[in-house]
Amino acid sequence: MGKFIPHPYQRECINAVIERPGVALWLEMGLGKTVVTLTAIGTLLQLGEVDKVLIVAPKKVAEATWQDEIQKWEHLQDLRTSTVLGTAKQRERALCKKADIYITNRDSLVWLAQHYGRRWPFDMVVLDEASSFKHHSTQRFKALRRMRPHIKRVVELTGTPAPKDYLDLWAQVYLLDEGQRLGQRFTQYRDNYFQPDKRNGMQVYSWKPRKGAEEAIQTRIADIAISIQAADHLHLPEKIIEDIPVVFPAPDWKVYQEMQTAKLLEVDSETITAMQAATLTGKLLQLCNGAMYDAEKQVHPLNRCKLDAFGELIDALDGQKALVFYGFDFDKDFFTGRVKNAGKGPQIRRVEGSRGSRRLEPRRAGRPAGPACQLRLRPEPASRRPPPHLVQSALEPGAV
């Protein structure tokens, strides 16, 4: 447990969350969005400014990331959390638990809005990876829009310091100020700041900003959006290591313990054995990565826990470059399959060749990367006390 000493930019963000009813923190990955937000929440709770806080996050993040961050810092130990995930009954039990912060995933937001209706109890809402609310036609946006009059404070977090498409900003800004800055309706915003780009007669396929529109939008939202890039803070370490916990469901953790103890496992009618200590460690690492090889080098998928966490991380990068290291060949196949199945998204370039001759040649141009942020996907049981050999470097965004 450590003592949190905020950097000046973190102090600025903490004060903004405390002082403003709606604020967006556009901070690159690794700059401390989670601890900044929790610190501000703790202060607001002490001041009596808020009573119940709802954090909406990607599923894997909702399972453990916020809870783990609280355990890291001395000043956050009084915060009580309840994780609202699982079946409807499990979620209802979690909502009945006395807590300061309730953490749920994005897919549960519609259910929550229906469950409470006008009795909505959360006076503060934090949207982790708020870019997932950029489409005004989604059910999650519509649900939160209905609840917005009952919410005193909204904080939006995202790992990209600038919007990828200004057309996507309206929905996110609306949830912050209920239409005060960019208009009450999406079509009003689009017509004011954009003009048709690609079209066929009356059918418009894409829109482009009008001359000066991007600067005008930035000016309109400057008081509620804080954008910080790692490159702007050169006193930070060259590389920031951030552990991402991946919680194993109970059945998968039972399989891990069975393999660890008996040194063999029945998978798809195949018996996988590991009699030597080094072999056992390798098999356990395979299991943590979601699959195992049998004696014939056939791959047997077991779970998607780590793969889903990887997918959420890639989604959070929102087009930024990532250099991904994998431990097993099936990791590579699973990762590339996950990205390709997501539809239009990041392009993949494999780096192969002998040591010393490998070069990265980006397929498309992008902004220069700042200090690298290495993320380690860490599988862990429900008790969250993983053996040290479970930690494996998996993702290093920002490297080019």
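Q: Before we look at the sheet, when do two strands count as paired?
A: Two strands pair if DSSP finds at least two bridges between them. Keep in mind that this is a predicted model. Here, 7 strands make an open sheet with parallel pairing, in the order β3-β4-β2-β5-β6-β1-β11. At the edges sit β3 (81-84) and β11 (225-228), each with pairing on one side only. On average, neighbouring strands in this sheet are turned by 15° against each other, ignoring direction.

Q: Can we zoom in on one pair: over how many bridges do β5 and β6 pair?
A: Strand β5 (residues 124-128) pairs with strand β6 (residues 153-158) in the parallel sense, over 5 bridges. Within β6, Leu157 is the residue that stands opposite Asp128.

Q: Which strands does helix α3 touch?
A: Helix α3 (residues 59-72) packs on the sheet and touches β2 (53-57), β3, β4 (101-105), β5 and β6. Its direction makes about 150° with that of β4. Then there's helix α7 (residues 169-177), lying across β1 (22-27), β5 and β6 and running at about 145° to β6.

Q: And what describes two packed helices?
A: You use the angle between their axes and the distance between the axes. Take α3 and helix α12 (residues 305-317): they pack at an angle of about 100°, and their axes are 9 Å apart. Angles of 65 to 115 degrees count as roughly perpendicular, so α3 is roughly perpendicular to α12.

Q: Which residues meet there?
A: From α3 come Lys59, Lys60 and Val61; from α12, Cys305, Asp308, Ala309 and Glu312. By type, the residues of this α3 and α12 contact split into 3 nonpolar, no polar and 4 charged.

Technical notes:
Residues are numbered from 1 along each chain as its sequence is written. This is a predicted model: local features need pLDDT of at least 70, side-chain atom pairs count only at pLDDT 80 or more; totals for chains, interfaces and linings use all residues. Side-chain values use heavy atoms; hydrogens and water are left out. Helices (H or I, at least four residues) and strands (E, at least two) are DSSP runs, numbered from the N terminus. Axes are lines fitted to C-alpha atoms, for helices over the stretch in contact, and angles run from 0 to 180 degrees between N-to-C directions. Contact means heavy atoms within 4.5 Å. Angles under 35 degrees count as roughly parallel, over 145 as roughly antiparallel, 65 to 115 as roughly perpendicular and the rest as oblique. Ala, Val, Leu, Ile, Met, Phe, Trp, Tyr, Cys and Pro count as nonpolar, Asp, Glu, Lys and Arg as charged, and the others, Gly among them, as polar.
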